[in-house]
Amino acid sequence: MAKLTTALLLATTLVVAGCAKKPPAYIPPAPGNVPANPGNGFAPGSRGDFERSVTSNTVNFALDSFTLEERARAILDSQATWLTRYPNVPVSLEGHCDERGTREYNLALGDRRALAAKNYLAARGVAPGRISTISYGKERPIALGSDEASWAQNRRAVTIVLN
Amino acid sequence: MLHKTIFALALAAVATVGQAQTAPAPAPAPVQTPAPVQTPAPTGPTDPQQQGELVVDVVGGVSAPLGIAIPVMPTAEIVNTPAGRTDVLGEQLAQIVTGDLRNSGLFKPLDSGVKPIPYPEVTAPTFDYWGPAGAAALVQGFIRANGDGTLTVGCYLYDVFSRRELARQGFVVAPADWRRAGHKCADMVYSKLTGEGPYFDSRVAYVSETGPKGKRIKRLALMDQDGENHTFLTNGQAIALTPRFSPDQRAIVYMSYLDDRPAIYVYDIASKRQRMLVPNTNLTFAPRVSPDGRWVLFSMAIGGNTDVYRVALGGGTPQRLTDSPGIDTGGTYSPDGGRIVFESDRSGTQQLYVMNADGSQQQRISFGNGRYATPVWSPRGNLIAFTKLAGSFRIGVMSPAGGNEQLLTDGAQDEGPSWSPNGRVLMFFRSTGGGSGRADLWSVDLTGVNLRHVSTPLDGSDPGWGPLRP
């Protein structure tokens, strides 16, 4: 619970920062000069490092929507910050849907969600060539219930570090 | 490898020239029995209302299924064949015919009082026995092992009360195809008595499911319409979705997550090899083959915009048919190939649209409450089946012009209808909610009656009902 609060505070800060100025120019760090993330125990630039460093690897969506709302944008800002720090790390964006759409429509909707997140990261300076997308439609729910809370969790785009 | 043989009988007006030429056995009727000489020429299925003739009313649904008896098909000589002993096969053939006719919902096969018949009785029924037993119609047949390794199955349909033969056909099959002879016999009976086209000798491609909801294993699978001859075509390492037959039944188009690249593949049934339909990096899905087998309609997502395209079944450059900025998917041809029905969210929610095959004259046809998805044009051309989303998912039909909407199922999550070859039955999948999230196959008559669970070895979804086999 304490961790979640911290995450929310961080997210808010990032949103403010994100709104206050243009996305930073893409500046690759000098080789060998990558700042470590002391304390998280993962190799810098690794998937574990990413997941410990960002607010979340997942953004959620409203029903039948691929619009990035405020909290989703804040999460993606934190991801963009990390991805800017490790400019050679490729990522995959997975788009997912809840079970209240038909299979094929959800494949298209999942694609739109993944792409919305990708485009946002690209606008924040992450080279689009680093970001692949894949839609899973409703094939890979993370919450298994058939209720509002589960559906809300399943409508998501997940950033996966590919290394 | 199935030949229809027409009995060498002067009165067998059912003979069609093309098929008769391929008939390898000149006289498959039981040799110990004289062929019936007073049999009137069978009438075609187009005039079932001829006076006094037995007919099953299929218009008003299935209020009173027709009582029918299907005794074990005797054999003149018990022979061991690769398919089994001929006497055992005779029992199983009668069970196949019984199962098919019962599952149609239009027939009530007798459960008791079905006596075994001796071989000579096949063409000389004891009508006095079957009438009181409750049978208005009688199906008798025989099985014979031929010297060349094939099997001959004879199939006769009788009207018990008028004491007449209504139809007869013989089928010469390779042992591996023995079940098909039973389905062909059932198809003859069904067509003759209902006036509807046949559909029992057909297959279903579908997705076999197992494993937990969040990590479901989905394999491409193929089976006969009655669930027999089941085979898995993929091993489950990649998610398989939405299979559809090509009209010649040599290929199945489907979607696979092979190599984490969700795309459409063309699977060749004989060689068990597959190739990507459109080799590019875009998401391709929702494949449907055109009635002439030349084209595949499919959806492709480019830059967040999903449109309906077509491409030659053999591959080539896709041609875009829709260009709305929304999600256009689920495109399916009309049986004459001239038009396409598809779903689009261009109005804000999923709705059904029809257009010409070249993409022109796009016109919305669904206007009811809720969303509409997965349209499928009936093989007869007069109906479009769909999934309706309005709180629950239900299967329904409407006319191609958009009127006469009728919902056929009332499950919580029924999705993805597929027509039987004769356009009489719809197969779909029904999911259960909650943590299991299991899905299985069901079928329903287009009048909304005779809802049936279709048994599969594991769970099942995404049925694609193939054409009638030749």
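Q: What makes chain B and chain A count as touching, and how many residues are in contact?
A: In this predicted model, 29 residues of chain B are in contact with 19 residues of chain A. A pair counts when the C-beta atoms, placed from the backbone, lie within 7 Å, so these residues qualify as contacts.

Q: Which strands of chain B each supply at least two residues of the side that touches chain A?
A: They are β12 (240–245), β16 (283–289), β17 (295–302), β20 (328–333), β24 (371–377) and β28 (414–419). The largest share, three residues, comes from β16(B).

Q: How do the residues of that side of chain B divide into nonpolar, polar and charged?
A: You get nine nonpolar, 15 polar and five charged. Gly is counted among the polar ones here.

Q: Why is α4(A) called largely enclosed by the rest of the structure?
A: A residue is buried if 20 or more other C-beta atoms lie within 10 Å of its own. In α4(A), 18 of the 21 residues pass that test, so the helix is largely enclosed.

Q: Which domains does the assignment give for chain B?
A: It gives domain 1 (2–32 + 62–194) and domain 2 (202–468). Their centres, taken over C-alpha atoms, are 35 Å apart. The contact takes six residues from domain 1 of chain B and eight residues from domain 2 of chain B.

Notes: Residues are numbered from 1 along each chain as its sequence is written. Chains are lettered from A and ligands numbered from 1 in the order in which they are written. This is a predicted model: local features need pLDDT of at least 70, side-chain atom pairs count only at pLDDT 80 or more; totals for chains, interfaces and linings use all residues. Two residues are in contact if their C-beta atoms, placed from the backbone, lie within 7 Å. Helices (H or I, at least four residues) and strands (E, at least two) are DSSP runs, numbered from the N terminus. A residue is buried if 20 or more other C-beta atoms lie within 10 Å of its own, exposed if 12 or fewer, and partly exposed in between; C-beta atoms are placed from the backbone. Domain bounds come from an automatic or database domain assignment.
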